[in-house]
Amino acid sequence: MSEDVRLAAWVRGHVQGVGFRWFTRARALELGELSGFALNLGDGRVQVVAEGPKERCVALLDWLHGDDTPGRVDGVTEIWDTPRGGYDGFAIR
């Protein structure tokens, strides 16, 4: 059984106005057992917070780094922490 973790990631590049949040939510739901959100920030980045089994959070992070995302990802900064809870599914904010 995998430990639950919290992933907070900030994605830089051309990631707003290209469906990035929608596809991030779709990928999180496809992976399953993840809750959290994807949020456009005022500086052009997208913030992604995901909580759930570590291997699924790692898979989501790998996808954020990959070539299969919409737009163009120039970089991802992440922070790992313990889950805080309070999310109902995976939302677009």
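The legends below describe close-up views of a predicted model. Local features need pLDDT of at least 70 and side-chain atom pairs count only at pLDDT 80 or more, while totals for chains, interfaces and linings use all residues. Residues are numbered from 1 along each chain as its sequence is written, and side-chain values use heavy atoms, with hydrogens and water left out.

**View 1**
Five strands form an open sheet of mixed pairing, in the order β4-β1-β3-β2-β5. Strands (E, at least two residues) and helices (H or I, at least four) are DSSP runs, numbered from the N terminus. Strands β4 and β5 (90-92) stand at the edges with a single partner strand each, so one side of each has no neighbour in the sheet. From one strand to the next, the twist averages 15°. The pairing of β2 with β5 is parallel and runs over three bridges; two strands pair if DSSP finds at least two bridges between them. F37 has A91 in β5 as its bridge partner.

**View 2. Helix α1 against helix α2.**
Helix α1 (residues 20-31) packs on helix α2 (residues 54-65) at an angle of about 150°, and their axes are 10 Å apart. Axes are lines fitted to C-alpha atoms, for helices over the stretch in contact, and angles run from 0 to 180 degrees between N-to-C directions. On the α1 side, F20, F23, T24, R27, A28 and L31 take part, and they meet R56, A59, L60, W63 and L64 in α2. Contact means heavy atoms within 4.5 Å. The residues of this contact divide into eight nonpolar (Ala, Val, Leu, Ile, Met, Phe, Trp, Tyr, Cys and Pro), two charged (Asp, Glu, Lys and Arg) and one polar (the others, Gly among them).

**View 3. The helices across the sheet.**
Helix α1 lies across β1 (4-14), β2, β3 (46-53), β4 and β5, and runs at about 170° to β5. Helix α2 lies across β1, β3 and β4, at about 155° to β3.

**View 4. S35 in strand β2.**
S35 belongs to strand β2 (residues 35-40). S35 counts as buried because its relative accessibility is 17%; buried means under 20% relative accessible area, exposed over 50%, and partly exposed in between (1.4 Å probe, protein chains only). Leaving out residues up to four places away in sequence, S35 touches V49, A50, E51, Y87, G89 and F90.

**View 5. T69 and H65.**
T69 sits in the loop between α2 and β4 (72-81) and is buried, at 10% relative accessibility. Not counting residues up to four places away in sequence, T69 touches F20, W63 and L64. H65 lies in helix α2 and is partly exposed, with a relative accessible area of 44%.
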